[in-house]
Amino acid sequence: MPLERTKKAQGSGHKYLNADYLRYLESLYLSSRVTVEGAYSGKHASPLKGHAQEFTDYRKYYPGDSIRTIDWKVYARTDRYVIKLSELETIMTCYLLVDSSASMAFGGQWHENFFGSEDMSKFDYACYLAAALSYLTIKQGDKVGLTLFDSNIKSHIPSGSTYSHLYKILNQLEKNRVGQGTSVAKVLRESFPLFKHRGILILISDLLDDPEEIFGALDMYLHKNFEVVLFHILHKHELELPNISSVNFIDAETKQRLTSIPADIKNSYTRHLNQFIDSIASTAQSRKVDYQLFSTETPYQLALQNYIAGRGRK
Amino acid sequence: MNLLIGTILFDNPALWIGAIALGIPVMIHLLTRRTPRDMVFPTLRFIRMAKANQSNIHRLRHIILLLLRTAMFLFILLAFLKPIITESSDLATQDPDAGKSIIILADASASMGYLNDGVTSFSRAKVAALEILDHCSAKDKINLIIMGSVPKLSFDAPSENLVITRKDIREAEVLPDHADINAALAEAVKQLGVDGAPPSIKKEIYFVSDFQRSNWSNVNFGIVNENVQMVFIPVGPEEASNCAIISVSVLPASPTVMEPVEIICKVANYGNRSSQVPLELVFKDDEILTQEITIEPHMTASTSFRVRINDSGLYECRLRIPGNTSLSAGDRLTAKDGLEIDNQRFFTFNVAQKVNVLLVSDAKTDDVKSGSRFLDRAINPFLESQDATVVTSVIRSDKLDALNAASAQVIILSEINELSLDKAEILINYLRDGGSIAYFHVGGASAHNLKLLTEASEGDYAAPYTLTGQVDLSIKNEHAVLAGANFDHRILRKFKETGELGDLKFYSYFTTERVKQKGQVLLSFDDGNVAMAEKTVGLGTMLLCNFGCSLESCDMPRHTLFVPLVHEIIKGLRPSADARNSFEVGHQCSMTTESVTQKDHVEFRDPDDTVIEGTLDVSSSGAFIFFPRTHKCGFYRIFVKNSPVGSVAVNVNALESNLEALDISQLKELAKISRAQFYAALGNQSSISELLSGKHLWHYFLLIAIVLLALEQVTVMILKR
């Protein structure tokens with residue numbers, strides 16, 4: 001990344017992306033695991049083949065083909081017209097779908113006040129991840145788009161590869177407020193027409209929806225040869241209920257109330273939650289969807305670094 | 001200040017205020033239940049699923065834990081309250097300010113000297129008595145009665161002076177006596193009546209004893225008022241093992257020189273194992289005869305030592321069980337014999353040069369045809385010859401007294417006038433003490449005398465027949481003969497073969513009317529009248545002969561049968577066993593001797609050779625020696641010029657040897673105490689303490705609290721899974 005652009009990003013002082021965070025992201029590179037479509041040359045494999053530096057195959061010349069593509073050396077040896085094919089490299093498009101439903105607001109200030117320790121809400125965590133991914137994508141010359149949703153699409157920023165586009169994304173993340181209920185599957189279906197080129201779809205959500213519905217919607221993307229990545233964000237107190245004597249649990253989205261003693265139900269709760277996580281993970285694996293569970297307790301830089309490192313090994 | 005709830009006494013009731021602490025778990029529970037914190041949660045989906053899986057036990061967790069914790073607090077509180085459970089709320093809940101009257105009856109009889117595990121029953125009794133005192137308040141009035149043959153009191157009336165009472169208990173020693181329980185109980189009842197306390201004051205009698213069945217089974221508890229509480233504290237052994245010499249008899253009781261003497265000893269085994277008991281007869285302190293006797297459990301056995309005495313005089317003998325007895329074959333363990341005092345028995349007997357017969361007759365001394373004269377000659381045909389084995393002393397009936405009666409082995413009454421009542425009493429007492437009398441009926445005084453003897457005996461003597469009239473066949477020149485004889489009797493046994501008894505002719509005798517069930521008829525005339533009959537009185541025998549020995553009454557003096565018959569009568573009537581060869585310790589004892597005269601200076605000495613007090617009554621026929629009280633087993637002697645002239649043996653009462661005890665239920669039944677008067681405790685300090693102040697329960701409550709704590713922790717662990 002050019003130094004002056006980096007400094008520009010650092011000096012912006014955005015909530016979700018500042019100089020401290022950028023230091024962690026400098027050495028990271030997000031690559032596409034599938035071929036992606038693009039009109040510009042880039043570092044990622046394109047399904048289109050043509051004249052480029054990397055030779056891949058020959059084919060018979062048909063009238064209409066540019067004669068510049070004819071391999072004359074082959075013609076001299078074999079007296080046949082053949083065209084020399086090469087794999088065109090293109091840029092990657094990364095679509096970020098960030099859940100901004102009410103359930104994503106869990107954590108943050110309320111927990112800091114109550115438990116007396118630093119805490120980050122799931123939405124903030126998701127935003128940090130989205131910002132970092134956007135920065136990584138643009139830094140390596142690829143395109144990135146952002147879609148914020150709750151039960152509907154709240155905002156959509158088409159893909160772009162410029163730093164001004166990055167700022168647009170960051171601003172959108174910052175000014176966003178969590179909404180109401182979640183409907184991941186519905187939003188996936190609605191946003192499908194918006195993602196015109198194949199690329200990476202990164203869904204950042206707590207996935208508190210019907211898994212079958214979610215994966216049903218994701219199947220459309222998979223069918224179109226998107227690489228789908230699920231970032232499952234859960235708060236540490238979701239993963240393990242806090243030790244409080246008695247709690248009035250209020251559903252963030254439906255506002256229903258339920259009084260219970262976390263210590264009493266802790267084990268049973270954890271068991272059911274793990275069943276839910278396991279079912280999503282196994283379904284994702286069967287569909288070759290990249291699934292990653294993030295706990296807000298883990299610093300997002302570290303979590304992202306580990307994910308990208310692991311992704312590189314696959 | 002104590003507080004009683006039911007039969008549980010709380011020694012620290014001030015801590016009831018701690019009951020507030022019982023609210024702590026409840027408050028915690030309620031507070032935690034009523035202040036749930038609001039928490040906005042991403043979804044209730046998994047919480048609902050978790051709650052749905054909660055079991056009923058989970059839902060009841062708080063109730064269970066609340067109950068456990070509350071119970072734990074309750075038991076901790078109860079532990080601090082020092083709860084005391086008491087069987088006898090009346091004994092344990094006295095108001096110490098009110099005071100009470102207490103009589104402690106401590107058994108100090110010989111059986112209390114039983115040694116078990118190195119401690120005597122009496123030592124346990126002292127410990128128990130001191131424990132009772134420890135539970136008395138300063139306002140209680142107490143008296144201690146040591147139960148021996150005579151009750152011994154610490155104070156004339158119950159006193160508040162516990163110091164003296166304690167001192168008396170500590171200094172008390174076991175006595176060799178047989179305790180007079182009834183006398184002690186009567187004294188206790190009397191003490192409770194004279195203490196001057198108002199009727200509302202509670203009264204208690206504590207019996208601390210081994211509760212020997214032989215001693216306690218005839219105690220009259222009916223004299224105790226119903227408002228008096230009786231506490232029985234047994235301190236005797238649970239299983240006693242004791243061998244004892246219970247009696248010694250000399251046969252004949254007053255042998256003559258060179259006459260075979262049989263010393264019969266009776267030994268009892270009161271233990272649960274058969275024992276081989278060695279016996280030693282210490283004879284005149286220079287010769288020891290030994291024997292061994294095997295006795296089955298709870299049985300008695302007799303054995304005898306046969307001796308022949310060369311010299312006349314008074315003999316002091318001692319029969320003893322040396323050391324410990326040993327068990328029978330197969331079990332060589334040494335049997336315990338915890339009671340030493342009954343392992344020896346002292347006895348005396350007189351060896352006379354000749355048999356002394358006292359012939360009492362009021363016939364004229366110059367009447368050569370009197371029956372008494374014939375009798376005198378028949379008894380001692382050798383006159384003054386030294387060959388005589390029997391000698392007679394002839395006296396008139398008005399000269400009869402206790403001393404000359406006591407010196408005779410047999411008294412023969414013949415041709416006596418009407419007796420006075422005091423003479424009749426002398427004869428009856430002589431009979432009771434083991435003497436024998438042959439009474440030949442001659443003259444009209446016989447009917448009166450027989451009636452008088454019956455009156456003087458106060459029921460002990462009933463003649464086997466009554467005299468209804470006199471028969472004189474000599475007028476018609478007729479005679480009667482003997483038609484019936486009991487030849488199985490020792491007197492007549494030797495005349496069975498000869499048949500000479502039928503040759504005797506009787507001219508004068510009395511008509512008789514047989515009294516059924518009284519006495520035994522030995523001879524009868526052909527007209528059906530009784531000729532000779534025998535009746536036992538006390539330990540002695542009265543032989544009634546319905547004929548005289550003069551020629552006017554019968555031809556017997558002419559008959560060769562006469563002398564043998566008289567000697568067989570004397571031999572048959574000689575006392576077989578002298579009951580007075582020893583006296584019971586704790587009581588008075590007496591003896592007669594002819595060796596003391598009015599001028600002699602007499603010293604009375606106890607078995608330790610210590611000079612003690614005694615009384616002496618000297619008459620023309622001898623001296624009557626009286627020891628007012630004995631306190632030790634052994635020989636009580638009288639000395640004249642430092643030489644012993646008489647001795648009397650004193651032994652422990654044989655009843656003290658049988659240590660079989662009444663148990664608590666039997667005592668209750670015996671005492672006929674169905675009311676709340678009856679209490680009992682074991683003789684140890686803790687049992688008495690439990691009875692008088694209750695049993696401490698605080699450690700049990702603390703233990704329960706700990707168990708509840710553990711249970712609570714286990715419940716929490718189970719519920720958390």
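Strands here are DSSP runs of E with at least two residues, helices are runs of H or I with at least four residues, and both are numbered from the N terminus. The model is predicted, and local features need pLDDT of at least 70, side-chain atom pairs count only at pLDDT 80 or more, and totals for chains, interfaces and linings use all residues. Residues are numbered from 1 along each chain as its sequence is written, while chains are lettered from A and ligands numbered from 1 in the order in which they are written.

I then followed the pairing, which requires that DSSP finds at least two bridges between two strands. β8(A) and β9(A) run antiparallel and are joined by four bridges.

Next I turned to the other chain. β8 of chain A, residues 247–251, pairs with β3(B) in the parallel sense over five bridges. I noted B:Asp38 in β3(B) as the bridge partner of A:Asn248.

I recorded the sheet as open, with three strands in the order β9(A)-β8(A)-β3(B) and mixed pairing. β9 (257–260) of chain A and β3 of chain B are at the edges, each with a single partner strand, so one side of each has no neighbour in the sheet.

Finally I checked the contact, in which residues count if their C-beta atoms, placed from the backbone, lie within 7 Å. Chain B contributes 21 residues and chain A 25 residues. On the chain B side, α1 (23–34), β3 (37–41) and α2 (45–52) each supply at least two residues. α2(B) gives the most, with six residues.

Notes: Two residues are in contact if their C-beta atoms, placed from the backbone, lie within 7 Å.
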